[in-house]
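The sequence and the model are shown first, and the description follows.

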Amino acid sequence: MSEGTVIGIGVVQGIGLGFLTVPVNVVTLSSLSPEVRAEGAGFSTLLRNMGSSAGISIVNSLLTRNTQVNHAEIVPYVRSTNRAFQDPAIGQFWNPVTAAGRAALDAVITRQAEIIAYIDDYKLLMIATLAVAPLLIVFTKPSRDVAPDHTQATE
């Protein structure tokens, strides 16, 4: 992946995060009284930053662990007796007998293990999101309390 692609993806992610967090903060902080709004904003920002840091750390450790596990599961299938290595085009670059060939094979196996780990982690995030989605319905239900009738005239 080129540097421009990574920067572009980061910009799109930042814009998306801005479109998500700004309205959430406005709705959250508008319900607070003006006296405690500053403390509420600070507390909201603190919790958001701590949650993001914890989430990034958890996903990063899962990704690293899954990459190592997937690498260990793929390696036994790569042997010097595989018929694919008899092809001169493949054997020239990925010869498991030479040190350079083993290094090239290890790089390919690691890349494949990383791809599988990313897929597994995104599946986990999707399941977690789907499991939490019903909470949105619970927390956004309108209250069933009857509001006082303000249309009556006072005497």
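## The second largest pocket

By class, the residues lining the second largest pocket comprise 3 nonpolar, 5 polar and 1 charged. The model described here is a predicted one. The space in this second largest pocket amounts to about 380 Å³. Its lining is made up of Leu-17, Leu-20, Thr-21, Val-24, Asn-25, Thr-28, Ser-44, Arg-48 and Ser-52.

Helices H1 and H2 each contribute at least two residues to the lining of the second largest pocket. H1 provides the largest share of that lining, with 6 residues.

## Overall architecture

The protein chain contains 4 helices and 0 strands. Read from the N terminus, its elements follow the order α-α-α-α. The chain has 155 residues, of which 13% count as buried.

Contacts within the chain can also be described by separation in sequence. Among those between residues at least 6 apart in sequence, 53% join residues at least 24 apart.

## The largest pocket

The largest pocket has a volume of about 640 Å³. Two or more residues of its lining come from each of helix H1 (3-30), helix H2 (37-74) and helix H4 (99-139). In this pocket H2 gives the most to the lining, namely 5 residues.

In total, 14 residues line the largest pocket, and those that lie nearest its centre are Ile-9, Gln-13, Leu-63, Tyr-118 and Tyr-122. The lining of the largest pocket divides by class into 9 nonpolar, 4 polar and 1 charged residues.

## Helix H2

Helix H2 consists of 38 residues. From its first C-alpha to its last, H2 reaches 54 Å, which is close to the 56 Å expected at 1.5 Å a residue.

The buried residues of H2 are Gly-40, Ser-44, Leu-63, Asn-66, Thr-67, Asn-70, His-71 and Ile-74. H1 and H4 are included in what covers these buried residues.

How many salt bridges does the model contain? The count comes to 1 salt bridge. In this pair, the side chains of Asp-120 and Lys-123 meet at 3.8 Å, N to O. In general, side chains of opposite charge can pair when their charged atoms come close.

Asp-120 and Lys-123 are 3 residues apart in helix H4, so about one helical turn separates them. Asp-120 is partly exposed, with a relative accessible area of 29%. Lys-123 also counts as partly exposed, at 45% relative accessibility.

Phe-93 belongs to helix H3, which covers residues 88-93. Is Phe-93 buried or exposed? Phe-93 counts as exposed because its relative accessibility is 56%, and the cut-off for that class is over 50%.

When residues up to four places away in sequence are not counted, Phe-93 touches Ala-100, Gly-101 and Ala-104. Phe-93 and Ala-103 are 10 residues apart in sequence, and their C-alpha atoms are 9.8 Å apart in space.

Terms used:
Residues numbered from 1 in each chain as written. Predicted model: local features only at pLDDT ≥ 70, side-chain atom pairs only at ≥ 80, totals over all residues. Heavy atoms only, no water. 1 Å grid on protein atoms, 1.4 Å probe; cavity = no way out; pocket = protein on both sides within 12 Å on 5 of 7 lines; lining within 4 Å. Points joined across faces, edges and corners; volume = space filled by probe spheres on them. Nonpolar A, V, L, I, M, F, W, Y, C, P; charged D, E, K, R; others polar. Salt bridge = Lys/Arg side-chain N within 4 Å of Asp/Glu carboxyl O. Buried < 20%, exposed > 50% of the residue type's maximum accessible area, 1.4 Å probe, protein only. Expected span 1.5 Å × (residues − 1). Contact = heavy atoms within 4.5 Å.
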